[in-house]
Amino acid sequence: MTSAEIRQQFLDFFKSKQHQIVPSAPIVVKNDPTLLFTNAGMNQFKDYFLGNKEPQYKRIADTQKCLRVSGKHNDLEEVGVDTYHHTMFEMLGNWSFGDYFKKEAIAWSWELLTEVYKLDRDKLYVTIFEGDDKEGLPRDEESFNEWKKVIAADRILLGNKKDNFWEMGDTGPCGPCTEIHVDCRSDEERNKVDGKTLVNNDHPQVIEIWNNVFIQFNRLKDGSLQPLPARHVDTGMGFERLVRVIQNKTSNYDTDVFTGTIDAIKTITNQVYQPLTKEGIAFRVIADHIRAISFTIADGQLPSNTGAGYVIRRILRRAVRYYSSYLYYKQPLLHQLVPVIAKQFENVFPELIAQKDFVSRVIREEEETFLNTLDKGLKKLNDRLRYEIDKILEWRKANSIHTDTPNSKVIIDGKFVFELFDTYGFPLDLTRLILSEKPYSHVDFGIDEAGFEAEMQQQKSRSKAAAVVDTEDWVNVHEHSITEFVGYDSLEIKSKIVKYRKVKAKGKEGYQIVLSATPFYAESGGQVGDTGQLIMNNEQLTIIDTKKENNLIIHFTESLPDDVTAEVFAKVDISKRKQTEIHHSATHLLHAALRKVLGTHVAQKGSLVNDEQLRFDFSHFAKVTDEEMAAIEKIVNEKIRENIRVVIKEMNKDEAVKLGAMALFGEKYGDIVRVVIIDPNYSIELCGGTHVGSTGELGFFKIKHESAVAAGVRRIEAVSGIAAETFIIEQLNTIHTIRESLKNPKEIDKAIDSLITENNELKRKLESVEAKQLIILKESLLGEHVPFPFANTQGKFIGKVVDVSNADHLKKLCFDLKNDLGNDYAVVLAANINGKANVAIMLSDSLVNEKGLEAPKIIKEYITTIIKGGGGGQKTLATAGGQDANNLQQVIDAVKSLL
RNA sequence: GGGGAAUUAGCUCAUUUGGCUAGAGCGCUACGCUGGCAGCGUAGAGGUAACGAGUUCGACUCUCGUAUUCUCCA
């Protein structure tokens, strides 16, 4: 059975049990501060469990893209080393929201595994929750009784709270779970050791394949458990594992989920996949990581240096490290695998093939910059090693030790290795690898790993201290399940506080408030959250921001009202909201214009809309030219003048897509979507934001700036409405000011040109005049040289206080004189420049070598005290400066007396 | 969000306690030589040392701020 068939049978099976099959949510999570990536199948249904949202269907099944890079059983550094950990994986799952419970869930999972997949019943074991005295929870009898119907009682094992009680987080929905384990060992081994002793014992061949969670409690912050009114089923079966079991392999990487990629790597690198070698690990790392990287980028998350983007970057770099270190491949490799993956998942996750050129381009660029970074780190490391080796060689020479004596041992301090890692991104294991390869055959290099760890710990605690956010439990005020958002139509309403909580971050206290109904738009889809007021009795509270936590609209305030139960009047800051709406509608006009002018490959990659401006990031592979920008602005302004009515409709997603709406990857939508139409032939977009009534309200549109944000992604910043007016006025004012200072010429650009030309000419002239003066000065100085006795002959001494305008001229004079003075000379020139003393001393090589004079020494020992300053330079030429310019003749005399 | 670092010629990078006319390689221009894979020689152009303040007699160098980029941690 192929992996594609296995996946399809899962979905078909649950479809036959009246489940709605839904597509995978994006792997990148938005609107949930506690999560960067989807890490379990249930993430997209969290709101149903929390009661923030009513489910559309009571039974759902799907396959969900998940990403895990850290956690109790998962560490990025382990992936690829063994044969079953992954960063990205698919989670098959079926759900019941207040519908069926333990009986059906257990019966169906048994049926699917044994009758559809035909797994051997003798190899299966199940676990159930044994109960926990501390929590006051009894054994899960219900599950036990259901299992007894299909499996022998001695194959039903008891599990403790750690293994068989599932919790979403520190707080929230939770409940007992039952797991199905499979024993994949050979018959011979199975006869020797009973499988049930190996369940939950980290045996690589006795593994859990399916977890059925029965959600029936809510965990509060004080640790207590509250029974939930509606009970849910949440299951998860790791797809890669399941395929491995069904295809009867010992490694996930030997299944057809991965063999295609591994073959492609073989072809590209010309290496052989041998599972047990270092190279084998590299193969697995690459095969695993490329999936994670490709799908997250396809879901809209670009690599970056913070948050989710940074996780992607780390995964990508780990893969680069492995192929460049172990597969001897030093060019970008990963991007070449994107087409292979895209093809493989064409029918399951079509978002990748739709963007495969974009994705591989982004990856390629990342690979190139990191290979570059590695080069830099390598250079820094080599410099250090060179230094250590030189030190040893010198020491050996001094002690007359031959190089063929036993090896020296050198430990590179942890601080340096950490710096390499922390600042240059040069990974510890790579440093270790290079050192172990003996860069110099007579020295053993080692790393002070404890020192490295200590530095690392310091860094971690610094970061932790800065990021502490303390959130208290919600305090319920009024019973109310779902917040109604009325802000599309009204900007002020009467409402009441449903619940609130206190939040502490960086020593600052604040409150988060949930209202029964609210006109406040919560930050989403790039549009900023509303600000405004809550007014009650005789009190007024400022809302400083509005954000979403999953489906919950949260208002941020600095304080609480005296009476939280009172009726509140919620009022949005109208002018700010209005101007924000103008920019949001302008964004839609811009998006459509971009596709018209640049092509339909343009897709939104990010957006920020506030009252001051709009920022729009989109995929495009070249700089947008001035002509293109002008064309874009022209179209947008035409659409504004047409004063098109903005039509907003709610419909189901398929209908919207049929209508031609741009479906945006990376956005999470329910089945009912909001469609914003600005002329059905011009712009149709799925959008939850707020908009103007008709385009005429925008007034005018102007692009301020175009730039690049990443490989293949451009950014346009633009203004509309009042912001555009202000921008234009500012620009005109600037031109006006320039015009005035130029005495109102007809053509400013020509006036400026001629001004610049004139200025350059004058500069040149002045320079040549000064140069001529210097030559005259030089000639006269040459005539004033006096002899002094040196060796068997005579040297020439020139010492004079001269009149120059610039300290550099003293130096220049010296160099000019040098060419005319021959072999043995000494020159000292001094000048008073703007009341300050400047001195230059030049000595011939002969004076330095044979008489032991050095210009900087002379300055420090004799001159600085006279001029109250300091100075230095090279042995033959040094300069000095000081505050006291009254005794310059003394300076010259002082130098003369030394000769 | 917190730390570390970088920014010097078109490109890649040097420049040690603050004082060297800020250099090299590649590229570019001109001339000359040359049947060769990055051919050779000579000469030359090219710099606001990211930006802005400050300290100093003097700042590429030290301090502070801003911007951009890299990097680690959360």
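Is phenylalanine 418 buried or exposed? Phenylalanine 418 is buried, at a relative accessible area of 7%, where buried means under 20%, exposed over 50% and partly exposed in between (1.4 Å probe, protein chains only). The model is predicted: local features need pLDDT of at least 70, side-chain atom pairs count only at pLDDT 80 or more, and totals for chains, interfaces and linings use all residues. Residues are numbered from 1 along each chain as its sequence is written, and side-chain values use heavy atoms, with hydrogens and water left out.

**Aromatic pairs**

- Rings of Phe, Tyr and Trp (its six-membered ring) pair if their centres lie within 6.5 Å; planes under 30 degrees apart count as stacked, over 60 as edge-to-face and the rest as tilted.
- By this rule there are 27 aromatic pairs.
- Tyrosine 48 and phenylalanine 97 have ring centres 5.0 Å apart and planes at 75 degrees, so this pair is edge-to-face.
- Tyrosine 48 belongs to helix α2 (residues 46–50) and phenylalanine 97 to strand β3 (residues 88–97), so the pair ties together parts 49 residues apart in sequence; helices (H or I, at least four residues) and strands (E, at least two) are DSSP runs, numbered from the N terminus.
- Both tyrosine 48 and phenylalanine 97 are buried.
- Phenylalanine 418 and phenylalanine 452 are also edge-to-face, at 5.7 Å centre to centre and 65 degrees between the planes.
- That pair links helix α14 (residues 414–424), which holds phenylalanine 418, to helix α16 (residues 449–466), which holds phenylalanine 452; the two residues are 34 apart.
- Phenylalanine 452 counts as buried, at 4% relative accessibility.
- A cluster of Phe45, Tyr48, Phe49, Trp95 and Phe97 is linked by ring pairs.

**Charges over rings**

- A charge sits over a ring if NZ of Lys or CZ of Arg is within 6 Å of the ring centre and within 35 degrees of the ring normal.
- Arginine 139 places its charged end over the ring of phenylalanine 144, 4.5 Å from the centre.
- The face of tyrosine 488 has arginine 674 over it, at 3.4 Å from the ring centre.

**Helix α4**

- Phe144 is one of the buried residues of helix α4 (residues 141–148), together with Ser143, Glu146 and Trp147.
- These residues cover an arc of only 165 degrees around the axis, which puts them on the same side of α4; the arc is that of the directions from the helix axis to the C-beta atoms.
- The buried residues of α4 pack against α3 (102–116), β4 (124–129), β5 (156–159), β7 (172–183) and β8 (206–219), with contact meaning heavy atoms within 4.5 Å.

- Two strands pair if DSSP finds at least two bridges between them.
- β3 and β9 (residues 225–238) run antiparallel and are joined by five bridges, with serine 96 partnered by valine 233 in β9.
- β8 and β9 pair in the antiparallel sense over nine bridges, and tryptophan 210 stands opposite methionine 237 in β9.
- The hairpin of β8 and β9 has five residues between the strands, and glycine 223 in the turn has a positive phi of about 95 degrees.

**Six-stranded sheet**

- An open sheet with mixed pairing has six strands in the order β30-β31-β32-β33-β35-β34.
- β30 (786–790) and β34 (869–873) stand at the edges with a single partner strand each, so one side of each is left without a neighbour in the sheet.
- β34 and β35 (residues 877–882) run antiparallel, joined by five bridges, and glycine 871 stands opposite alanine 880 in β35.

Conventions:
Chains are lettered from A and ligands numbered from 1 in the order in which they are written.
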